[in-house]
Each structure stands twice: as C-alpha cells, then as structure tokens.
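Hi,

Here is the structure I promised to pass on. My notes follow below it.

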Amino acid sequence: MSPIPITIVTGFLGSGKTTLLLNLLPQLRAQNPSYKLALVKNEFGDLAIDSQLASSSSISGVRELLNGCICCNLVGQLDVALDELRNTISPDRIVIETSGSAFPATLAMEVNRLAAKTQGSYVLDGVVTVIDVENWEGYEDTSYTAKIQAQYTDLIVFNKWEAAGERRLDDCRDRVGDLEVEVATVKSDMGRVEMGLVFGVDGALARSLRTEIKEGSQDHGHMNGHTNEHSHAKSHQSEVEVLSITLSGRKSATVDTEKITKLLKTAPKDEVYRIKAVLASSGPVHAPDSDGEGEKSESGRYILNWAFGRWTCTPLKTDGEEHESSQDVVLRMTMILARFESKKWKKRIEGAGFVELDGETKGDLVVEKIS
C-alpha cells in the first residue's frame, strides 16, 4: 500500500487553522467524492471543540489529543492516534492540526520517526503555518513559539488580512522577513486556499528532517538547530494559561446568553486569547457583526468559538454522541489566557456573573486552572 501523506498545520491561537482545513474539504470532495480526510487535533484544555466541529463537517475520522502539547508531553500518543485512523478509516490523507503552542520541527521529526518505524506507512508531506495578519504584531512580540512556527515551515498562509488591509499585510510580511524566513507564502481568501498549494508541498523542512531520520539522527536535541530551539524554550507552554469552566444545572437548563455576550464583548485581546465552549442555549450567541437574520433561535447545543474579539456560534451536529468532555453539563468552556492572567480571570468568572443559567437559578459553577 502507498504511504499515507501527513500534513502538519500549525499557527498561533486563533490564526484560523480549523477554518483553513474545513475550506479544503469541499475542494477535495469536488475532485474525488469518496476522498477520505482524517484529522488528529491537539487542543488546549480538556474540552474538545474544534474536533467536534470537524466531525460534523464530513471529515472521515477525528482523533483528539487534549490538555497538553503534541510536541512535548503528548508526543507519545501520536503513534496510537495515527494507527487508529490508518486501521479504522484508511484515509487518503491525515492532517495533524496542532495547538497554538506546538513547535513544528519537533513534531515533523516525530512523524518521520513513526514513518520509519512503521516501514513507510506514512510520509510527511509538509508543514503549513497559518498567520493571523490582523493580530500578528501583538502576539509576535510576546510569543517565542509564534516566531518558531513562522521560521520552521514549508508554507506560510497569511490569513485574516481582509479586515486588516493590504498595508497591515505588507507590514506582516516585512516582520516575517525579519525572521529570515525563506519559504513559500500565500494569502487566503477569507480562510480559503487552493488545495494544491496546501497539499503536495514536499518542502525543504519535510525533506531535511526525513534525511536526518534516514541517517539515524533521532535525538530531538541535535537536529540542525531545529529542536535545539525547542530545548532552549522548555517552558514554551507557559506562554499561556488555561482555565476550565463548568456550569451545571437541571437537564433542561440553558445559559444566559446576555451575560455570556458581555464576557465576549469585554474580554481584552491582550489578556484573553481564545474562548471555546459547548453550551445549551435557547439560540445562538449573536456576534456584534451579525444581525441574527436567518439564524434559527432553536434551543439546543451550540459550539462557541471566540478569538481576538470576534466569535461564531454554531449548532453542534454530531452523528453519534457528543464528546465526553462536554456531555451532561449546561456549559463547558476553555479560556486560554496570557501569562499571569488566570488568577485574575478566575475571580472575574466566579464573581462577575458572566456564566450563569437563564432564569432565577444561577447554577453550579466550577472554575479551575489546568495549565
């Protein structure tokens, strides 16, 4: 059998990795209606959000690795996830979508090691990094990981440039150029990129790491400087802090959407990077740039996905059961925060009434720092 190509998609929090992936699906299906794309999704926190969104979007199989970094403490789980997909789905391609903290070179090295270990069952096709043009200037100044993701890749996708404008796009290109990055770049069209640009990259990073595997270099600390960068930043996961939030109540209870909306509107971008939630609601939590027209206000389960002041709220559609990480509660939320912000935001969530049930009963709220 031919090896299964693997594409690694990385990028800082909220850059649009999942959107890019979901926009590739219709292109693949148009070319081959029976094409099977599988996803290994690494998420911050203990709540599966993007993977549930992907599961409802015709992706053939999804395996999620939660509450850790796929290039560090979860790296040992990657082979199990890949084997499960290969044996149960037999996909035409696997995409590994990392959390915002992953180092792409280290992960690429691991994929090549597994390819060699399984006698060529997989082949690393390339590494793609998505950059949020609108917010790059802010997090590039504070995140070592964001710089590494831009440096060690085969393709950079400049995303979310439409709202920022061409001038901001040029500034972003200049700042990436200052990192001495010499790889192909493309700008997306509202999160869409031609599949021929993303798949089939076979870039320099993938080839160089594959060569090192063949030569027997499996030491993550001596890989042409790639993973030396990783070892020099052992605390890269500490660039962010994560709160896990649970709201429980009676079976028919729903979340107070007005109070949740207040949280989403007032969360400052330099303190709060992402808010993800699965919640029971009487209808979608409307974003400021949405008038709500055409949106059904039906009671049900919704996926809330917030990044840098904008958000979407879509019905949760699952062919089977909801993921265990959000089952049987009114709301499960993950807040990904800047360093040293978790203590303050834990108090705010507990005391400001942002997360409560709709009606007179507030519900049982639990807020925990998990990383």
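**Helix α13 and its surroundings**

The buried residues of α13 pack against β8 (240–248), α12 (257–266), β9 (272–281), β12 (331–338) and β13 (364–369). Buried means under 20% relative accessible area, exposed means over 50%, and partly exposed lies in between (1.4 Å probe, protein chains only). Packing here rests on contact, that is, heavy atoms within 4.5 Å. Helices (H or I, at least four residues) and strands (E, at least two) are DSSP runs, numbered from the N terminus.

This is a predicted model: local features need pLDDT of at least 70, side-chain atom pairs count only at pLDDT 80 or more, and totals for chains, interfaces and linings use all residues. Residues are numbered from 1 along each chain as its sequence is written, and side-chain values use heavy atoms, with hydrogens and water left out.

Which residues of α13 are buried? They are Ser342, Trp345 and Ile349, in a helix that covers residues 342–351. These three lie on the same side of α13, because they cover an arc of only 65 degrees around the axis (taken from the directions from the helix axis to the C-beta atoms). The other side of α13 has Lys343, Lys347 and Gly351, which are exposed. Gly353 follows α13, and its phi is positive, near 75 degrees.

**Overall numbers**

The protein has 13 helices and 13 strands. It has 371 residues, and 54% of them count as buried. Take the contacts between residues at least 6 apart in sequence: 78% of these join residues at least 24 apart.

**A helix pair**

Helix α3 (residues 78–88) and helix α4 (residues 104–117) have axes that come within 11 Å and cross at roughly 55 degrees. Axes are lines fitted to C-alpha atoms, for helices over the stretch in contact, and angles run from 0 to 180 degrees between N-to-C directions. The angle makes α3 oblique to α4. Angles under 35 degrees count as roughly parallel, over 145 as roughly antiparallel, 65 to 115 as roughly perpendicular, and the rest as oblique. On the α3 side, Leu78, Asp79 and Leu82 take part. They meet Leu107, Glu110, Val111, Leu114 and Lys117 in α4.

Val157 is in strand β6 (residues 155–159). Its relative accessibility is 1%, so Val157 counts as buried. Leaving aside neighbours within four places in sequence, Val157 is in contact with Val128, Thr129, Val130, Ile131, Val186, Ser188 and Val193. Val157 and Val128 are 29 residues apart in sequence, yet 7.3 Å apart in space, C-alpha to C-alpha.

Thr246 is in strand β8. At 19% relative accessibility, Thr246 also counts as buried. Not counting residues up to four places away in sequence, Thr246 touches Val329, Leu331, Arg332, Asp364, Leu365 and Val366.

**Positive phi in two loops**

Most residues other than glycine have a negative phi. Lys160 is not a glycine, but its phi is positive, near 60 degrees. Lys160 is in the loop between β6 and α7 (161–164). It counts as partly exposed, at 26% relative accessibility.

Phe308 is not a glycine either, and has a positive phi of about 50 degrees. Phe308 is in the loop between β10 (300–307) and β11 (310–315). It is buried, with a relative accessible area of 9%.

Best wishes
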